Amino acid sequence: MEIAKSIQLSYKPFLSLVLIVLTLMPGLTFAAPGLDAVTVTTGPNGEQNWSVTIQAMVLMTVITMLPSMLLMMTSFTRIIIVLAIVRQATGLMQAPPAQVLVGLGLFMTFFIMAPVFDRMYIDGFKPYLDEKIGIETAVERASIPLHEFMLAQTREKDLTMFSEIAKKGPYNTPADVPFSVLIPSFVTSELKTAFTIGFLIFIPFLIIDLVVASVLMSMGMMMLSPLIVSMPFKLMLFVLVDGWSMIMGTLASSYYI
């Protein structure tokens, strides 16, 4: 039982991402029964239950959309951009490798999104697995924590801009903001935040480059590249201040402050 429970819990992020995709697919409701393998039955409380064939089809569609959902609806975008800027600032074009940065960004994303995924699983997916609620209710409940997380990280200016473009709003409550408007607003805000953090990180390394270049110019060493000389100093500064720990901690705390 303990092993089965641990396996079930290990799939929480995946199950939560499945529900993320289902929140964006309102057109999957069928009005009338068709073939025996593709049917929808109405329960006693008015909810619709999909046949196994439809559920399998939806699941396959969800799997193909998971990478896009992970990029656009979680903290992954901000993390990977900041990590890329850090690598650029230190002057190490190949260290850490891109695979390491993506892996680090992925697991940092699961760490930051863990409270959201847990709420999505407890409120939506678990009752559905226990056959206490239908798929429509499960999707509706699971979308609430994700909607709140994305809205908390979205700037009001970006939200207003996309609402005006889509000719929607004004909204009575934040919960009324549709995902079609919230997703582009969230991504735009994440990009701005990521570049702001990257700019602040870049400044100390730029100062080191300027100092080294000035010293080399004053010594008449025109042919020696300042980047080669400044790189050890930038690495020493980054190690002495425990740079990776500071960056990881700052990124994680930036979502829950």
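Biologist: Which are the buried residues of α4?

Modeller: In this predicted model, where local features need pLDDT of at least 70, side-chain atom pairs count only at pLDDT 80 or more, and totals for chains, interfaces and linings use all residues, they are Phe76, Thr77, Arg78, Ile79, Ile81, Val82, Leu83, Ile85, Val86, Arg87, Ala89 and Thr90. Buried means under 20% relative accessible area, with a 1.4 Å probe and protein chains only. Residues are numbered from 1 along each chain as its sequence is written, and side-chain values use heavy atoms, leaving out hydrogens and water.

Biologist: How many of the residues of α4 is that?

Modeller: It is 12 of 15, so α4 is mostly covered.

Biologist: What comes just after α4?

Modeller: Gly91, which takes a positive phi of about 85 degrees.

Biologist: Changing topic, at what angle do α7 and α8 pack?

Modeller: Helix α7 (residues 156-166) and helix α8 (residues 179-218) pack at about 140 degrees, their axes lying 9 Å apart. That makes α7 oblique to α8, as angles under 35 degrees count as roughly parallel, over 145 as roughly antiparallel, 65 to 115 as roughly perpendicular and the rest as oblique.

Biologist: Which residues meet there?

Modeller: Asp158, Leu159, Phe162, Ser163 and Ala166 in α7 meet Val181, Leu182, Pro184, Ser185, Thr188 and Ser189 in α8. By class, this contact (heavy atoms within 4.5 Å) has six nonpolar, four polar and one charged residues.

Biologist: And the chain, how many helices and strands?

Modeller: The secondary structure comes to 10 helices and two strands, as DSSP runs of H or I, at least four residues, and of E, at least two.

Key: Axes are lines fitted to C-alpha atoms, for helices over the stretch in contact, and angles run from 0 to 180 degrees between N-to-C directions. Ala, Val, Leu, Ile, Met, Phe, Trp, Tyr, Cys and Pro count as nonpolar, Asp, Glu, Lys and Arg as charged, and the others, Gly among them, as polar. Buried means under 20% relative accessible area, exposed over 50%, partly exposed in between (1.4 Å probe, protein chains only).
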